[in-house]
Amino acid sequence: MQAPAFKEKKRGVPTKNQVPSQCRPPSDSIQIPCWLYRAILSVYALLALAFILCIILSAFILVKNSEMSKELVDLKRDLWSVSNSMQTCEERQKEVCKSIKESIKGVTSKVEKLETQLPDIKNIETKVQRILEVLEKTSQSSHK
């Protein structure tokens, strides 16, 4: 009788005369509380909601990115147009400035010629006054 009890003792099965040496039941028979299942389910639900929210936010970001990309293309086109207009205006301004400079050079040369001829003009003016005086004297003497 001792031999079969010894074999059962080796297997971990308690005999009728023995008290089990383990004070707690094996892990297979541990009861998990019901609230733990609900808590885990709630965590999974929150995780799923967070994932869905991330997907929605990503889609929103893609839409906004597309809109901003279109706006940037429009701004780039407008900037290109303004740049071309500015370049055309600058070219016209350079032409006008060149024309004004040429006109200023022409006027300056004419003024210089007049300045060099000014003594001659004054000389002519004095001669004309003398002629007028002589003519007056001759006209007065012929009237007498």
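Guide: Arg77 and Asp74 are joined by a salt bridge, with their closest N and O atoms 2.4 Å apart. Please keep in mind that this is a predicted model, and that the pair is one part of a structure that holds three salt bridges. Because Arg77 and Asp74 stand three residues apart in helix 2, about one helical turn separates them. Asp74 counts as partly exposed, because its relative accessibility is 35%, and that value lies between the limits of 20% for buried and 50% for exposed. As a general point, side chains of opposite charge can pair when their charged atoms come close.

A second pair is formed by Glu67 and Lys64, whose closest N and O atoms are 3.5 Å apart. Both residues belong to helix 2, and the spacing between them is three residues, about one turn of the helix. Glu67 has a relative accessibility of 37% and is therefore partly exposed, and Lys64, also at 37%, is partly exposed as well.

The remaining pair to look at is that of Lys94 and Glu90, whose side chains meet in a salt bridge with an N to O distance of 3.9 Å, a value that still falls within the 4 Å used as the cut-off. Here the two residues are four apart in helix 2, which is again about one turn of the helix. Lys94 counts as exposed because its relative accessibility is 54%, whereas Glu90, with a relative accessible area of 43%, is partly exposed.

Helix 2 itself covers residues 34-143, and Tyr37 is found in it. Tyr37 is exposed, because its relative accessible area is 52%, and it is one of the residues, together with Ile32, Trp35, Leu36, Ile40, Tyr44 and Leu47, that make a nonpolar surface patch of about 790 Å². An unreviewed UniProt entry lists residues 35-63 as a "transmembrane region", and over this stretch the model is 100% helix, with the end C-alpha atoms 42 Å apart.

Technical notes:
Residues are numbered from 1 along each chain as its sequence is written. This is a predicted model: local features need pLDDT of at least 70, side-chain atom pairs count only at pLDDT 80 or more; totals for chains, interfaces and linings use all residues. Side-chain values use heavy atoms; hydrogens and water are left out. UniProt positions are given in the numbering used here, feature names are shortened, and annotations may be inferred rather than shown by experiment. Patches are made of residues with over 30% relative accessible area and no salt bridge: like charges are joined within 9 Å, nonpolar side chains (Val, Leu, Ile, Met, Phe, Trp, Tyr) within 5 Å. Accessible areas come from the Shrake-Rupley method with a 1.4 Å probe; for residues, only the protein chains shown count as cover. Buried means under 20% relative accessible area, exposed over 50%, partly exposed in between (1.4 Å probe, protein chains only).
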